[in-house]
Amino acid sequence: MTVLFWILGVLAVPTLLFVLWLAWVFLKELFNPSPDEDAEAAEAAQAAQAAEKLGLLPAERQNTDLAAPLPAEWAGVLAAVRGGDWLPAADLLASIGRDWERRSWAAYLLAECAAEEDAWLLAWEAVRRDDPDAAVVRARSTVILAWKLRGGQRAQYTTGEQFDAFHRTLAGAREEVARAAALNPDDPTPYVAEIWVALGLGYPNARMDTLWEELTARAPHHYEAHFSALQYWCAKWRGSARQAMEFAERAAAGAPLGSLLTALPLIAHFEHDDSEDTAADNTPQMLARVEAALADAAAADPSHPRLPELRHLLAFYLHLQDRNEAALEQFKLVDGYVHALPWRYRNDKAGYYCRVRNTVVGEVAAQAAPAAA
Amino acid sequence: MGATLRALRALVLLLGFYLLSLVLLAALIGLDVLVFSWGHGPLTAKVGFVTVLLAIPVVRGMLMLRTPKGEDGPGIPVAEADEPRLWALVRDIAAAAGTRAPDRIVLTGEVNAAVSENPRLLGLLPGPRRLYLGVPLLTGLTEAQLRSVLVHEFGHFTGGDTRLSALVVRGRVQIGRVIGQFHEKADDKVAADRARQERKSAERVARGKKAKQVDTTGVGATYRTMARIYTAYGKFYLRASLSTARGQEFAADLTAARIAGRDATASALREIPVLSASHDFYLESYATLGLQARLLPPRGEFFGGFGRLLTARELELADLRSQLPEEPAGPYDSHPPIAERVRRIEALPADGRTDEARGAALALLSEPARTLAALEDAALADELLRYPRAAGWEELLDASMAAGLTTAQTPLHRALAGYTGQPATLPALLDVIDDGRLWRLAEKLPLSEEAAAAKGRAFREFVRPVLRRSLRTMVLAEFSSRSLLHWEFSWSRPASLRLPGWGSETGEGGPEAELEAALEAALADHPDTTRLRALLPPATQNA
């Protein structure tokens, strides 16, 4: 019988330990409750209400495809194109002419449509052979298609089939880019498209430098070109954190006020900042960068198509630097459209945007309350 | 460590195996005694039964004293009268290495040379010795390299490695067998349990209840635990004997360099992995090319073609020789990495024997062609030997490609049959394309998750490669069935396709480029089959 007792004894020890642990957890929760989730939720709801009072939109009403509203005329053109009518698109690009910022943006939006279905573009190309506008949309659409085939996942979650299609399509796009560039030798837009080919096919740095010379000779302070090239120089693509920041600082320093290139150092910082707290965002350098970007935004043409993108970044960093009132100013200017950095890398862009924005609204209200009292 | 010490260690390690078995048996008996004195009735019976079951493999492992007799692999034994020069070379080398010449020489079909000896009385008395010599090795090595390989093998005997290794090998084999037995029993038990559960499940279904998931996790765990104990000891055993084994290899290499020359030894070491890889490739892509069409290469060519492949791909091989494997073949492989062995040999001072015996080792045979033919009879399965022989490599290629094309079932075949409900034919496919329903058909192809989720241009891009490959196969099969295709055989390149010239219509790239362009047009976003139809033999177009 002794053996039986021994066995029971051995079995009893873990049971006893478990019961003691349960009791301890119970007592701890009784005297020192963990923060109530309900209270947090209530606070969030309050902030959301306050935001709504200011005329800011809830997450489900945020546009997640754009960084800012499109000019009314452009929205009409895109709708026409989706219906198969290419003439308005041709007219739009013709009327934009040599405004390279707008041309590259319009070409991108049209190309996005053509990457889905390109029957209208084929019709355009059939009627107007060697139209440089159609050619630039064609080149951009194939590059966009290639990136769609790849998908947005990191390399390890991307299948061989996806990479195959990606590389095949990009390789084909090179010819189209060259054709578009040849048809309109002054236009920097085909070179902007080629940067994304460079990213995908992994151009060596020297080749990228050559491409960059071609591009800046045509448009020295082009926002989309700089944004794209900065991606190339990021550590996740073909450069490093140092190369990216150096590129961004150089571009920002050499650009006239109002060109919005002060966004680049902020983006370079954002792309390589893995820290958990906000210390890295509050260095004197970062404070100065935000200050420069604020001045840049104030000096920019209010209809600059990329201005809202800078404002999204500013709102984010002003908040991280505890300048919530200034952040709220920026949020009010861009609210309703969230397809911009820093939100657009998240799956739930609108949710992320609204959480940060509502925090800002809450903070501002909390600061105002004692003053009013 | 001297030979005696090594022998002693081998003996201790082997005894450790018996000790482990005895301890396990004692533990089982102890358990029985314990249960017998404290327990009662059914429990005692059950425990007793289980311990006896577990004891059986242990006891059997201990009683299996004899290592299994190595059987002669497939090969042709050659007498001294048949191959006087080979025998003379072998005797010469054995004498130079200071050991006894083999009693038999067996020529095999592998890239390998090995000397085996079945020692008697636990390796205390020498036994009959055999030299296995792969004919592909003779094909790829020069005479000097062959000498080096042979010295290496005989060198193991001079160092006394092999006689003592009988003990090491015995231990290894025995542990392996016991582990195997336990796993086998566990597998049997799992199978039995699965059958029982499935029977039960079937009964449940028969009674109108839901079937239960068959779950055999945990079954046979006792057997597996026993196997794990032996596996742990086996690993320890191997690791303990490994450094010795690797040291012996280096020593044998040094002997080879001393007797056969430094350069011949280094180059032979470089050559063997290259030959081994080339031979695998040769078997897969050339020798067995016709199996699908139930054809063999001409007599003597099954092993004979290897030499021609080596000559034709000399440049590629030179490249391969410079990339040596840095890793050993496996964690318990007794050979050190080849790269390390080559480094050690090449570090020796030059001995000025670079230009010795550069002739092919195969020329040592009195009648290489006869040997190559005879080897086929010995090394190939009877079933293969009954296959008819092609007249030449060219014919073999044509016949096997034609057979492959006629029986090909591409994903497009299946999609088309599923879409039309008719047998999949090329004319039917072209009609579907002309009706503008190619992309509807494409939805029936096996799609990856990403392709299935894609729409419009992206979807078409995803399915285009498989469509292209399949359509190409279907078109080629059409040509092939009309004997319009010809394949160009080459020892140095993959087989290339020769299409019939299409007269004056063919563009600058020749008929191949024309075909590719026609395929592309037929699978474009807005497909156009006109060019493809123009290329096809008339009968297809009327269908």
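A residue is called buried here if 20 or more other C-beta atoms lie within 10 Å of its own, exposed if 12 or fewer, and partly exposed in between, with C-beta atoms placed from the backbone. The model is predicted: local features need pLDDT of at least 70 and side-chain atom pairs count only at pLDDT 80 or more, while totals for chains, interfaces and linings use all residues. Residues are numbered from 1 along each chain as its sequence is written, and chains are lettered from A and ligands numbered from 1 in the order in which they are written.

**View 1. D322(A), a residue other than glycine with a positive phi.** Here phi is near 65°. You will find D322(A) in the loop between α15 (307–320) and α16 of chain A; helices are DSSP runs of H or I with at least four residues, strands are runs of E with at least two, and both are numbered from the N terminus. D322(A) is partly exposed, with 13 other C-beta atoms within 10 Å.

**View 2. L260(A), buried in a loop.** This leucine is not a glycine, yet its phi is positive, at about 75°. The loop in question runs between α12 (241–254) and α13 (263–272) of chain A. Around L260(A), 27 other C-beta atoms lie within 10 Å.

**View 3. A cis peptide bond between L341(A) and P342(A).** Omega is about 0° at this bond. P342(A) belongs to the loop between α16 (324–334) and α17 (349–372) of chain A.

**View 4. The two sides of α12(A).** With 14 residues, α12(A) reaches 20 Å from its first C-alpha to its last, close to the 20 Å expected at 1.5 Å a residue (the expected span is 1.5 Å times one less than the number of residues). Its buried residues are A244(A), M245(A), F247(A), A248(A), A251(A) and A252(A). They lie on the same side of α12(A), because they cover an arc of only 160° around the axis; the arc is that of the directions from the helix axis to the C-beta atoms. Look to the other side for R242(A), A253(A) and G254(A), which are exposed. The cover over the buried residues includes α11 (223–233) and α13 of chain A.

**View 5. Where chain B touches chain A.** Ten residues of chain B are in contact with 15 residues of chain A, contact being C-beta atoms, placed from the backbone, within 7 Å. On the chain B side, α18 (449–453) and α19 (456–481) each give two or more residues, and α19(B) gives the largest share, six residues.

Methods
Two residues are in contact if their C-beta atoms, placed from the backbone, lie within 7 Å.
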